[in-house]
Amino acid sequence: MATLEGKPAPPFSLAGSDGKTHSLADYQGRTLVVYFYPRDNTPGCTKEACAFRDLHAQVRELDAQVLGVSRDSLASHDKFIGKFGLPFALLSDPDAEMMQAYGAFGEKTMYGKKVTGVIRSTVVIGPDGRVLKHWPKVAKAETHPEQVLDFLRQAVQG
């Protein structure tokens, strides 16, 4: 997937775990971190979600909002949030439409085999609706949120 950096973020409108429908337009004028992950309650996804949870206050201090997106149902998201105390909304993208628009769904290698599925990735969308940063493939789920926070700090100070 080519990078989305510098391009307008693809519009989206998805149901969230907080009972609201979230769309790109809702975040105009704010910085938005959207991370795409394969599945609730799996080891890597849990580590990533908990790392974003642990850094959430620092992300909010930089006036940024975090959203997680997977194909899981809202009921699954509710259990995941409850189990790990996640302070941000998780969006349900059952048809992977948003994920496809952001390059977060497609062919990947899993256990040495090529499969089609969710590609762990993250975008930071600026207040103007453009993608400031795109990680098209996240290798280390547990340390990636720290990379995102470092980028946000640089973006705010720069």
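This is a predicted model: local features need pLDDT of at least 70, side-chain atom pairs count only at pLDDT 80 or more; totals for chains, interfaces and linings use all residues.
Arg39 sits in the loop between strand S3 (31-36) and H1, and Asp72 in the loop between strand S4 (64-70) and helix H2 (74-84), 33 residues apart. Helices (H or I, at least four residues) and strands (E, at least two) are DSSP runs, numbered from the N terminus. Arg39 is exposed at 52% relative accessibility, whereas Asp72 is buried at 11%; buried means under 20% relative accessible area, exposed over 50%, partly exposed in between (1.4 Å probe, protein chains only).

Next, select Glu48 and Arg120. Their salt bridge has its closest N and O atoms 2.8 Å apart. It links helix H1 to the loop between strand S7 (113-118) and strand S8 (121-125), 72 residues apart. Glu48 is buried, at 0% relative accessible area, and Arg120 is buried too, at 15%.

Arg53 is partly exposed, at 27%. After H1, pick Asp63, whose phi is positive, near 60°.

Residues are numbered from 1 along each chain as its sequence is written, and side-chain values use heavy atoms, without hydrogens and water. Local features need pLDDT of at least 70 and side-chain atom pairs 80 or more, while totals for chains, interfaces and linings use all residues.

Technical notes
A salt bridge is a side-chain nitrogen of Lys or Arg within 4 Å of a carboxyl oxygen of Asp or Glu.
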